[in-house]
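Here's a quick tour of one chain, going from its overall layout down to a few local details. Have the sequence and the 3D view open as you read.

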Amino acid sequence: MAIDSTVSPPTRSAAVACAHCGLDVPRARIAADGKPSFCCPGCATVHATIHALALDRYYELQDDAAARRPATVSGKSFESLDHAAFAAEHVTRRDDGTHDVVLALEGVHCAACVWLVERLPRILPGVVDARLDRVSGRASLRYDPAVVTLSAIARTLDGLGYPPHANRGAARQAARRARARKHVVDLGVAGACAGNTMLFAFALYGGHLEGMDPTTRTMLRVVSLAFTVLSLAWPGRVFFQGAWTSLRTRVPHMDLPVALALTIGTLFGARNTLLDVGDTYFESLTVVVFLLLVGRFLQEKRSRDALDAVDLLFSVTDATVRRLDGDVERETPIEALAPGDRIRVRHGETVAADGMIERGTAAFDVAFLTGESKPRTLSIGDRVLAGSRNQGGEVDVVVEASGARTRAGRLMETVRSAAETKSPIVRTVDRMARRFTVVVLVLAAVTAVLWWGHSQERAVQHAVALLIVTCPCALGLATPLAVTVALGRAAKRGILIRGADVAEALCAPALVVLDKTGTVTTGSMQLCEWSGPATILDRVAALEAGVEHPIAIALRQAVPAARGVVTQRHVEPGFGVEGVVDGETLIVGSPRYVERRTSALPPFIQAAVERVRVRGLTPIVCARDGLVEAVGGLGDALRPDAKAAVHALSKLGHEVVLLSGDEPAVAYAIGRDLGLDIGSIEGLASPERKLERVRAALASGRRVFMVGDGVNDAAALAAATVGIAVSGGAEASLEAADVYLAKPGLEPLLELMRGSARTLAAIRRCLRASLVYNAVNVVLAMTGVLNPLVAAVLMPLSSLTVVTLAFRARTFGDEP
Amino acid sequence: MMILWVVVPVALAFVAAAIVAYVRAARAGQFDDLETPAIRMLFDDDGAPAGVPPQQRSPGPGRAEPKRG
């Protein structure tokens with residue numbers, strides 16, 4: 001593809017769509033006449049591949065409405081997929097010699113993706129079958145290992161713009177799928193029972209008006225009874241199980257009044273059928289079971305989608321390492337690593353195991369493990385921990401511990417135990433359940449007493465009718481529906497919420513514990529302070545060109561464009577750089593390094609260095625021709641929206657606390673910038689300390705929202721009332737958290753809070769509406785106006801009201 | 001209304017058969033993915049572009065119909 005930056009006719013500079021993904025093409029990338037333009041190299045590569053394979057129809061099938069994203073091509077060799085360790089875990093053999101595998105694909109977004117991936121058998125010999133699940137992004141492949149290797153399949157998928165990954169969490173997904181199937185069965189059976197009972201009910205209504213011989217009537221009622229019993233005993237069993245658990249644990253739950261109404265209604269109907277007297281309410285009962293299950297099904301589906309999405313995020317995190325066989329690098333699955341293996345860790349990669357450096361020097365970002373914002377420079381003989389990210393340099397590491405035996409692995413154990421002790425969140429609707437049950441029982445008793453003098457038979461009839469029609473169908477539907485809609489909208493906006501109760505829990509004032517590095521700060525080094533001429537900075541940036549150290553990178557990023565001709569350069573890793581730029585000798589580095597090369601630092605420079613240190617920043621000093629002229633401070637900069645977000649959180653009634661694993665000086669400096677007072681800032685907090693703080697607050701009866709991104713936050717995230725993992729976090733924090741914010745910064749956190757508040761408001765509106773219907777029902781039942789036909793009309797009407805309210809509610813994404 | 005004594009059991013037999021068929025389909029995983037099959041049935045088996053009309057997308061200058069090789 002030709003990138004033509006010289007000519008771009010003014011008429012088309014407005015907006016040119018990428019020929020692959022349809023996004024706007026940056027002006028510099030717009031191609032000359034006739035040729036397609038691409039927004040990024042990824043799209044260009046994928047477009048070329050698709051064209052070469054004569055799969056251009058992909059572009060006709062593309063859905064305009066679907067979300068667009070530029071294609072990514074990882075360009076990896078995917079050798080690790082051919083490894084025995086991978087096959088043992090992910091590949092199943094069939095009798096005919098073909099293999100089955102499920103791969104998680106990145107970048108699946110529309111119908112055309114399904115078409116493209118499922119063309120695989122035609123473009124790659126040996127692939128027998130390919131099926132893509134668009135929603136979960138998982139491809140099920142069947143291939144002949146004698147003809148094609150898995151890595152070749154993976155490379156082809158990668159070339160099409162869907163980098164494949166091992167499908168991690170497959171066991172969890174299988175368990176969720178089994179549950180989902182059970183729900184589908186329940187839903188269908190309940191629907192069949194409800195529909196058929198309704199058919200017989202219509203015949204009975206007709207008989208009621210026109211007359212019907214008693215035998216036929218009894219026959220129809222017996223059949224209805226049979227359907228009702230089937231409905232209650234099979235799909236309806238969940239309500240009885242729930243009610244029983246609620247009684248046993250003494251935790252109120254909405255299933256209790258539901259089970260009560262279902263039991264009494266069925267017994268009453270059975271008695272009347274057998275004695276051939278009075279009314280029956282079978283149609284209402286079966287419809288209640290069906291509608292409540294619909295609500296539950298939708299809610300479960302939504303949280304299942306969220307969990308699948310989180311699992312996809314897991315799978316996308318790198319699960320391979322470069323193992324050295326002699327001097328040859330091989331991509332190997334992490335699971336296959338053993339102590340004594342040698343691995344190579346390049347710039348930008350994460351160390352996969354605990355070990356000792358054998359060759360090379362590199363700066364490691366250990367923020368995920370400890371919360372420290374300053375990178376550590378480690379060299380031969382130093383130990384590195386799994387989860388550290390290489391920020392510059394290349395090292396070979398001898399593995400000492402891998403998998404669960406690493407420091408990160410042991411921390412994950414704490415996460416699991418913390419998650420187990422977490423107490424469940426009681427939902428508003430469940431809190432109402434107890435009072436609701438008591439009120440309904442009292443009203444039924446009152447009805448019976450009032451009618452007793454009139455006729456004993458009618459007293460029982462009306463009391464039972466009241467119990468049945470107040471069955472909290474709409475009440476039970478309100479929460480699942482409102483929450484389902486809200487979670488769906490939240491997921492579209494990059495806020496993945498695991499469960500319904502979470503949104504409710506987020507609405508009350510709480511102790512908000514913020515992690516520092518990566519959460520309120522950007523998590524990468526930046527130039528935060530510079531005293532000295534700006535022109536020097538341009539030249540320093542030029543001098544640092546090509547140096548792969550976080551400080552060098554930060555200095556380069558600090559200027560729009562480096563200026564200066566470098567004629568000589570000497571790098572002393574971990575200390576500084578010396579060189580000649582535009583004929584002047586520049587020395588940039590730590591104060592001691594520069595001092596050694598020039599002379600003792602003058603007092604005003606020393607004072608400046610001290611000021612930088614007090615702020616918790618890393619000082620660098622710059623000398624020109626032997627004279628110290630500038631002092632800079634580098635550190636982890638606050639996110640631009642952090643201060644406003646913390647302020648907004650306090651205004652919502654939350655108490656904000658900063659808990660950092662970093663040095664106290666850094667934590668205090670950042671905390672002060674955020675506007676927190678000294679008592680709510682704590683530095684040097686180990687993962688265990690964070691967990692302890694969260695547990696202490698929980699023990700004193702407070703709600704705790706933990707916001708963090710690292711492995712060191714994971715245990716606290718799991719223990720907190722609501723754990724919120726922010727974008728770019730470690731996978732451990734993903735696993736532990738209840739909410740995952742896919743967009744960076746703290747603004748999504750506020751959006752989550754506001755959306756949750758609106759969701760709770762929507763739930764409350766729905767609950768109020770259904771209570772009004774119940775009140776009307778009570779009045780009708782107590783006055784004796786109610787009959788099965790009225791009940792059968794009123795019940796769906798109340799449910800319809802709740803459904804409408806739930807779907808029209810503003811929750812996430814619509815600002816009021 | 002004697003006919004009801006024939007019709008109702010027949011109807012019940014149909015319902016029973018439907019429920020059995022449904023439960024078997026659900027347990028076999030036919031309802032696992034409710035979205036992709038709806039898309040898949042739109043694709044023709046062979047790359048012939050006749051079946052599906054080209055998308056009515058606004059032909060931006062850079063978005064011209066890809067040339068067929």
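## Domains

In this predicted model, the domain assignment for chain A gives six entries, domain 1 to domain 6. Domain 1 covers 10–61 and domain 2 covers 79–172. Domain 3 is pieced together from 175–308, 426–483 and 758–808. Domain 4 takes in 320–324 plus 332–407, domain 5 takes in 495–510 plus 640–742, and domain 6 runs over 524–635.

How far apart do domain 1 and domain 5 of chain A lie, going by their C-alpha centres? Those centres are 43 Å from each other.

## A three-stranded sheet

Chain A has an open sheet of 3 strands, ordered β11-β10-β13, with antiparallel pairing. The edges are taken by β11 (376–378) and β13 (389–393) of chain A; each has a single partner strand, so one side of each has no neighbour in the sheet. On average, neighbouring strands here are turned by 35 degrees against each other, ignoring direction.

Now zoom in on β10 (residues 362–365) of chain A: 3 bridges tie this strand to β11(A), and the two run antiparallel. Within β11(A), A:L378 is the residue that A:A362 stands opposite.

## A spot on helix α19

A:A534 sits in helix α19 of chain A, which spans residues 534–543. Is A:A534 buried or exposed? Its relative accessibility is 56%, and the cut-off for exposed is over 50%, so A:A534 counts as exposed.

Along the chain, A:A534 and A:A630 are 96 residues apart, while their C-alpha atoms are separated by 9.2 Å.

Key: Residues numbered from 1 in each chain as written. Chains lettered and ligands numbered in written order. Predicted model: local features only at pLDDT ≥ 70, side-chain atom pairs only at ≥ 80, totals over all residues. Heavy atoms only, no water. Pairing = 2+ DSSP bridges. Helix = DSSP H or I, 4+ residues; strand = E, 2+ residues; numbered from the N terminus. Axes fitted to C-alpha atoms, helices over the stretch in contact; angles between N-to-C directions. Buried < 20%, exposed > 50% of the residue type's maximum accessible area, 1.4 Å probe, protein only. Domains from an automatic or database assignment.
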